[in-house]
Amino acid sequence: MNTILLAITAVVLVVLLALVLRPLQEEVEPRQEEDERISPLLRGINYLLSDEPDLALQEMVQVARLRSEAADVYMALGEMFRSRGEIGRAVRIHQNLLARPDLPKSLHLQAHMALAKDFQTGGLLDRALLQYDKALTLQSDHADALEASLRIREQSSEWLLAEELLSRLEQVRGASYGSRRAYLFSELATLCLAQGQVEEAATYAARAIELDKSCAPARMVAIKLALEAGNTDLAIEEVQSLRQLSSEHFALIIPGLLAYPEFYDRQGHALLMDMWRRKPDAELALSWLEALAGKRGVAQAESLYAELAFTPATLRESLRLQAVLGNEHDAHARFARQWRKRAKNYVCETCGIEVVDVRWQCPQCHSWGTLHPKHEERI
Ligand SMILES: [Zn+2]
């Protein structure tokens with residue numbers, strides 16, 4: 001509600017300013033014409049205040065000649081409709097503006113950006129991209145347009161196009177986004193691996209690791225590639241690097257190790273146990289127990305539990321343990337399992353959003369590699 005009030009206030013202020021300043025600036029224009037231009041705007045605002053947005057729009061588009069003040073009013077109105085989620089109206093306003101032959105050149109860029117945001121908010125990503133492209137044709141170093149296009153490419157998993165935009169953004173800002181680029185390459189590597197393009201997956205994973213040694217998803221691809229190729233020495237080396245450089249995300253590789261039973265039985269189990277003894281962290285124990293129970297059944301998880309001698313230190317850890325090992329006839333264990341399915345286990349260190357499963361890019365602030373397992377106070 002506050003945004004709406006603010007937007008309306010902004011619109012009213014702009015019009016009032018236009019009314020007050022105009023006579024000082026332009027004495028020559030006939031008074032009559034002035035009134036004809038202003039009155040539809042005032043009527044429009046009146047409709048707006050009485051919550052009749054369609055009538056307000058009708059009035060506003062009737063302003064015969066567009067002056068920069070009137071264009072500002074349209075822009076403010078468009079913003080207001082978008083912030084209220086009325087995307088269709090916002091689009092109509094910005095399209096009307098752009099269709100006018102008398103729109104000042106200085107406002108073209110602003111109008112394309114506004115229309116792009118309308119489409120993006122409405123989920124029409126292709127149309128949004130087209131408008132950002134038009135804005136970039138007018139000003140090739142427009143950082144906001146580049147950043148917004150990059151987001152859309154990331155959202156659509158078009159990683160190479162995203163990387164191209166990231167390079168342009170680096171040039172414009174004079175910054176270096178090595179780690180962000182590493183995550184784009186790691187996404188490419190993961191995609192190639194899923195499609196069986198082993199060589200490409202290896203190339204992209206290596207480029208990502210070169211850019212950011214702690215890029216966990218790239219290390220995970222490298223581990224799977226080494227296991228796939230039967231190169232156990234390299235796999236062990238990569239697993240150790242992941243543990244050392246990205247310990248927060250280390251546990252995510254455990255299901256991947258269990259997918260190669262021969263490796264797990266011969267080396268994997270001992271490797272994980274050694275890591276646990278050196279640094280007994282709950283995330284390792286719980287993820288291991290969960291993965292083992294899922295892959296080989298609860299009996300094996302129970303014997304691992306005994307071997308680990310793990311004791312939960314927080315309520316969350318205790319519930320996770322119960323969800324894995326709890327007796328199915330026990331009501332508490334049933335509750336724990338239900339809780340585990342929808343419990344938010346990851347939190348973004350940048351914006352604080354909590355999510356159920358890990359993601360490499362935060363769904364809220366779009367930072368890469370900032371979602372970590374949640375830690376809670378020890379009981
Ligand atoms: Zn975030």
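Q: What makes the strands here an open sheet, and in which order do they stand?
A: The open sheet has 3 strands in the order β2-β1-β3, paired antiparallel. Strands are DSSP runs of E with at least two residues, numbered from the N terminus, and two of them pair if DSSP finds at least two bridges between them. β2 and β3 stand at the edges with a single partner strand each, so one side of each has no neighbour in the sheet.

This is a predicted model, where local features need pLDDT of at least 70, side-chain atom pairs count only at pLDDT 80 or more, and totals for chains, interfaces and linings use all residues. Residues are numbered from 1 along each chain as its sequence is written, and side-chain values use heavy atoms, leaving out hydrogens and water.

Q: How do you know that β1 and β3 pair?
A: They're joined by 3 bridges and run antiparallel, and pairing takes at least two bridges. C348 has L371 in β3 as its bridge partner.

Q: What makes C348, C351, C362 and C365 the ones that coordinate the zinc ion?
A: Their SG atoms sit at 2.3 Å, and donors are N, O and S atoms within 2.8 Å of the metal (3.2 Å for Na, K and Ca); water isn't among the atoms, so sites may look incomplete.

Q: Why is the site of the zinc ion called tetrahedral?
A: Its 4 donor atoms make angles of 104 to 115°, and four donors count as tetrahedral if all angles lie between 85 and 135 degrees.

Q: Why is C351 called partly exposed?
A: Its relative accessible area is 29%, and partly exposed lies between buried (under 20%) and exposed (over 50%), using a 1.4 Å probe and protein chains only. C365, at 23%, counts as partly exposed too.

Definitions and conventions. Tetrahedral: all angles 85-135°; square planar, octahedral: opposite > 155°, others 65-115°. Helix = DSSP H or I, 4+ residues; strand = E, 2+ residues; numbered from the N terminus.
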